[in-house]
Amino acid sequence: MALRSLVCRKSLGLASSSSFKLHFRGLQTFSLPDLPYDYGALEPAISGEIMQLHHQKHHQTYVTNYNKAVEQLHHAIEKGDSSAVVKLQSAIKFNGGGHVNHSIFWKNLSPVSERGGESPHGNLGWAIDEHFGSLDALIQKMSTEGAALQGSGWVWFGLDKESKKLVVETTANQDPLVTKGPLVPLLGIDVWEHAYYLQYKNARPDYLKNIWKVMNWKYAGEVYDREHS
């Protein structure tokens, strides 16, 4: 995630023994990450039109609103406005989660010409067989849970950092996987309608069937090797 620093003149300090106020040394803002492939590179699994709208409009909106909420939080803390701080938490969770989730999602996809859809090998491949029986069984589980998710949300394939077990989880809205515990996302699939409706209409299961054709298992394997050690 690209960061830009906005200089703040006030240094970190405490206001009093009964209450305190934080003055940030620098306020960090987030920017829309570039995609590692062209918008049309995932066709026919995901159309270029969907990818462009999803990235330029939807993800950008999350980034814009996240930065706005973080700035408002900064000012609320400076003023010691506890009510405003609490009120901003939902906007930060929703828009910040949207930014975090989509930044992972783009890396989870790869054109067929760049090994998209190629089965996982090495440690992750062996771990999938051990925990789920086979790659096909994992794919079926994720596709079934993603199709059954009511409303909008995400279906995740992750690693439990404490137990070292692989898990499949779903999250509502833009909640990131970390809200479910000490879980590291290896793959995440966006099942909001904006991710597929222009191409698949209301046939979410068809979208979930075809997205595996451009899944970046190489990236998932790299994350697994790094986090499992």
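Colleague: In what sense do strand E3 and E4 pair, and over how many bridges?

Modeller: Strand E3 (residues 153-160) and E4 pair in the antiparallel sense over seven bridges. Two strands count as paired if DSSP finds at least two bridges between them, and strands (E, at least two residues) and helices (H or I, at least four) are DSSP runs numbered from the N terminus. Please note that this is a predicted model, in which local features need pLDDT of at least 70 and side-chain atom pairs count only at pLDDT 80 or more, while totals for chains, interfaces and linings use all residues. Residues are numbered from 1 along each chain as its sequence is written, and side-chain values use heavy atoms, with hydrogens and water left out.

Colleague: What makes E4 and E5 the edge strands?

Modeller: The three strands form an open, antiparallel sheet in the order E4-E3-E5. Strand E4 (166-172) and strand E5 (183-190) each pair on one side only, and these are the edge strands. Within the sheet, Phe 157 stands opposite Val 168 in E4.

Colleague: Why are H3 and H7 called roughly perpendicular?

Modeller: Helix H3 (residues 122-132) and helix H7 (residues 217-228) pack at an angle of about 90°, with their axes 8 Å apart. Axes are lines fitted to C-alpha atoms, for helices over the stretch in contact, and angles run from 0 to 180 degrees between N-to-C directions. Angles of 65 to 115 degrees count as roughly perpendicular, under 35 as roughly parallel, over 145 as roughly antiparallel and the rest as oblique; H3 and H7 are therefore roughly perpendicular to each other.

Colleague: Which residues make that contact, and of what class are they?

Modeller: Contact means heavy atoms within 4.5 Å. Asn 123, Leu 124, Ala 127 and Ile 128 of H3 meet Trp 217, Ala 220, Gly 221, Tyr 224 and Asp 225 of H7. By class, the contact has six nonpolar, two polar and one charged residues. Here Ala, Val, Leu, Ile, Met, Phe, Trp, Tyr, Cys and Pro count as nonpolar, Asp, Glu, Lys and Arg as charged, and the others, Gly among them, as polar.

Colleague: How do you know whether Val 112 is buried or exposed?

Modeller: Buried means under 20% relative accessible area, exposed over 50%, and partly exposed in between (1.4 Å probe, protein chains only). Val 112 has a relative accessible area of 58% and is therefore exposed. The place of Val 112 is in the loop between H2 and H3. Leaving aside neighbours within four places in sequence, Val 112 is in contact with Lys 213 and Val 214.
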